[in-house]
Amino acid sequence: METRVGDITSPHMQWWLDAKFGMFIHWGAYSELARGEWVMNRERWPIDEYEKVARAWNPERFDAREWVRMAQDAGMRYLVCTSKHHDGFCLFGSEHNDYNTVETIGRDLMAELADACHAADMPLGFYYSLKDWHHPDYEAGRRAPAPGDEAGHARFIEYTQGLVRELCSNYGKLAILWYDGGGLYDGAGWHADEMNALARELQPGIIINDRSRVPEDHDTPEQHIRASAPDRAWETCMTMNASWGRHAGDREWKSTGELIATLTRINSLGGNLLLNVGPMSDGLFPAESVLRLREIGRWMDLHGESIYATRRSPFQWGGFGFTTTKGNVAYLQITRAIGEELIVGMVKSPVVSATLLATGEALAFEQRGDRLFIRGLPSIAWGDPYSTVVKLEMEGEPEAYPGWW
Ligand code: GLC
């Protein structure tokens, strides 16, 4: 497939732009301690003590097929999982790092996940942290302004490229390479161009994020929404609570309604949402995540049409929520229902029909100047609890008037 790196119109990006919604998974030895994925660093664990935790970690209830099924049932169309986080412990077999789950429990957890994804036609991405709190040479290059330890840095880059090569060679088709943790060096320090060229050679069509300190294919705002320029792909990654890795004390769960409103807002601005789950150390998803995934899935079954394959919408936000668009159709995502009549401002295109997406029921509407009136909406009591979606067919591609401020 043709790849024009960083070009949103490039053929290799189109499936991802259509997918709109993916699952992020943060899982590793830190899940055992259940205090987030930074636990080793924040609690200053000596390497040998943390290593004992990692070597004892045995996720006996991990069933990759179940994970993939839950993601698909929630309407998610790709999956990105931590293959190695900052702690340096690999969830895959490696010839460059024997600190890995094949050595400790005889399981290549990423191979299991890859098999499950391939069997279910689920595009798979590997998260890979460039940080490595376990590797003796990780900081070797940074002793500036005194001369850095060049030999050590060279060893660390070779190690990094070795792992990236394994991830791109041993697991069949890899859809996404999702770097993180590159703060210590710049793109040149990481030899990022060379490393990413290697990944693209091994995996034609792969999508690479912007966190190896070079822009590559897409931007990755974290825990917030920020649309990139229209010619640039972007994806917000976000947690359902406040932690990426399992945190047993974290009770800051977002409601399903909030998560769906976030998804519609991101999609109206042309972005994707990569929504995180932090599985427990045994391999099961926390009950709070399972519940939200199910509820989102139920909503997506009825309203997925208003999410998938949409592109950046010309409509600004309204008091009711956000508008997604695709072809000649606009979808009003009414996350803040207020009654039977809805007034939408700044609508330029003539509207041909208005229907309730979930039922196909026709709705009365009237266009007066730049105002669109929609009548007969379900009352709050029996509308969708998360977002009632009105489908508007328009004459030609939806156009909006600019707002004034
Ligand atoms: C933050 C966290 C890191 C996590 C990442 C996901 O950078 O520090 O642990 O993996 O977000 O984007």
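Analyst: Strand 11 (residues 342-345) gives the lining of the largest pocket its largest share, 3 residues; strands here are DSSP E runs of at least two residues, numbered from the N terminus. This is a predicted model, where local features need pLDDT of at least 70 and side-chain atom pairs 80 or more, while totals for chains, interfaces and linings use all residues. Numbering runs from 1 along each chain as its sequence is written, and side-chain values use heavy atoms, without hydrogens and water.

The largest pocket holds about 330 Å³ of space. Its lining has 19 residues, with Gln-316, Trp-317, Gly-318, Gly-345 and Met-346 closest to the centre. (A pocket is an open set of points on a 1 Å grid over the protein atoms alone where a 1.4 Å probe fits, with protein on both sides within 12 Å along at least five of seven lines; lining means an atom within 4 Å of a point. Volume is the space filled by probe spheres on the points, joined across faces, edges and corners.) By class, that lining splits into 12 nonpolar, 6 polar and 1 charged residues, with Gly counted as polar, Cys, Trp, Tyr and Pro as nonpolar, and Asp, Glu, Lys and Arg as charged.

The largest cavity has a volume of about 70 Å³. Of its 13 lining residues, Asn-241, Ser-243, Trp-253, Gly-278 and Pro-286 lie nearest the centre. By class, the lining of this cavity has 5 nonpolar, 7 polar and 1 charged residues.

Key:
Helices (H or I, at least four residues) and strands (E, at least two) are DSSP runs, numbered from the N terminus.
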